[in-house]
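Have the structure open while you read.

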Amino acid sequence: MPTVSALVAHTLSAHIDHVFGVMGNGNALFLDALDRTPTHYTAMRHEAGGVVAADAHFRASGRLAAATATYGAGFTNTLTPLAEAAQARIPVVLVVGDEPTTGSRPWDVDQIAMASGVGARTFTVGRTDVVATTVLAIEHALANRTVSVLAIPYDVAGLDVGEADGRSDDPARARDEEAEVATSASALGAALDALAVPALRLPEPVTPKGEFATRVLAETVAALASARRPLLLAGRGAWLAGAGEALGALADATGALTLTTALGRGVFPDDRFDLGVAGGFGAEGSMQLVREADVAIVFGASLNQFTMRFGELFAPGTRVVQVDVAATATHPNVGSFVRADAAFVARALVAALGAVGAQSSGWRESVDVAAARAYEPGDAAALDGRLDPRSVAARIGELLPEDRVVVSDGGHFIGWANMYWPVASPDRMIMVGTAFQSIGLGFPSVPGAALARPESTIVLTTGDGGGLMALADLESAVRVAGGRGLAVVWNDAAYGAEVNLYGLKGLAEAPMRIPETDFAGLAAAFGAEGVVVRELADLDRLAEWTARPAHERPFLLLDCRISGAVIAPYQQEIIRVNS
Ligand SMILES: Cc1ncc(C[n+]2csc(CCOP(=O)(O)OP(=O)(O)O)c2C)c(N)n1
């Protein structure tokens, strides 16, 4: 008879290919049983890393992954990335040990309350309900795009489930029952697969209902038909709705210029007429063109303050229509709002424009898009003699392998990848940490993305501050990604974002400084190749690395000694707003 832990592992493995985590008392039996299932387990070096890797795995592939940790200290180590996944609406299942059903021990904490505090619901397995509870936890995560904690109480973990879960001692009956479980599991699997990205659509597309939505759509058709300078802005929601092609057709029909949010980069199929990113990561020329738009339709973008350039993105005269599954408009500049599926509305608009015989505005052909979206090339070196991060980013952007997934930590440096490295589709630029504004989740994103996309090169972009915080999982990144892994460390010997926001205001700088760390040496200690980059020519090593097949090269870490004096335009914007 299997134990409760074994049945959790068995049930989970019918739906999940990868589990990431750290073992301990509370999940030892679960991990032992998991070892006998087809599900692959990846050891991380910090429990936070387990959740980050599972999160990055979903963002890179649309396939659910699980994390695991022991009870108590193992669980509390997961809280920051749990909050991130919950706030970013990323499905993750965390399998944890928990206090015994008989009551807490001195080293237990109220895990259910803590999980609830960061927005995660807990499903606690008992001896008689293991399969149902495990499946509920998976369903909850996928259907609500959130985090489920699957808790195994310490005294329940090793219990024999016996017949309590509907299993039989009679081998023939047990085989039949096994087949039944497998059939229902695969039916559930198919149903859950249908929910996954890129087809992570709402179970039933939300369609505009009622007179009001119909009127707004009719007005939108009229506005687009007569627009002279139409613009389409799409965010990650448009990608989740699978709206890329429909939006491309709408851009063709209207002659609209296109633009995305940072998380929606690459969603439009035709990059010739794409102005790049909206907001502080946007090129100055692009942002000027956006302010010339007379009609802007926004699809699946929440229009946060950064996208909206703190209210300056659109000119006061631009008519802004927002299409989203949110309950209501999410920015005061929105004039009309339709609650609907992005792909549905884009297709409906194309059909309606065709029916009224609308002509393309011709705007997109009349402007030099490539010139508008060009960024400052930067200098070879900054005034202090250290590297100018802009020229480093531009050069790395030229050398990166085309089939890549970029994973990003948080900090001032996020501007460089977002500005200088083109993105083919939104699931190829992953920023675990931005929703909760956490740094230190970069290195563990690498194994999650590497296992989600086994053909791609995984490129990490991280600061020295976030890199040191996540250092334990540099080991996991090197071990798992091997020659498919590349880390770019923007080493400015500081918590640069803090220097820019508080040091420049005159606050004490000592807490913002980091002794220059030898990341190249640290990488070498974990079996990778580390290169200290002090001049642009040192990046030739990257060209040699990309020229070799992945299995013949080691993980490469570029320790870029950059100047903190070059402040990214998005950060200058924040400094202006804050002062
Ligand atoms: C977990 C966490 N701790 C602290 C902060 C505050 N914080 C935001 S950015 C930043 C500095 C990041 O430094 P680094 O990784 O070196 O990148 P840089 O800003 O220098 O580019 C800090 C400490 C945070 N956001 N999250």
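Predicted model: local features only at pLDDT ≥ 70, side-chain atom pairs only at ≥ 80, totals over all residues.

Helices here are DSSP runs of H or I with at least four residues, strands are runs of E with at least two, and both are numbered from the N terminus.

## Ground rules

Residues are numbered from 1 along each chain as its sequence is written, and side-chain values use heavy atoms, with hydrogens and water left out.

## Around the ligand

The shell holds 18 residues, with D464, G465, G466, G496 and A497 the closest; to count, a residue needs a heavy atom within 4 Å of the ligand. Helix α19 gives the largest share, 4 residues, and α21 (496-501) also supplies at least two.

Now the polar contacts (pairs of N or O atoms within 3.5 Å). E498 puts a polar side-chain atom 2.8 Å from a ligand nitrogen. The protein covers 77% of the 580 Å² of accessible area that the ligand has on its own (Shrake-Rupley, 1.4 Å probe).

## Out on the surface

Helix α19 spans residues 464-469 and includes M469. With a relative accessible area of 55%, M469 is exposed, the cut-off being over 50%.

Conventions. Buried < 20%, exposed > 50% of the residue type's maximum accessible area, 1.4 Å probe, protein only. Polar contact = N/O pair within 3.5 Å; in protein donor to acceptor, adjacent residues only side chain to side chain.
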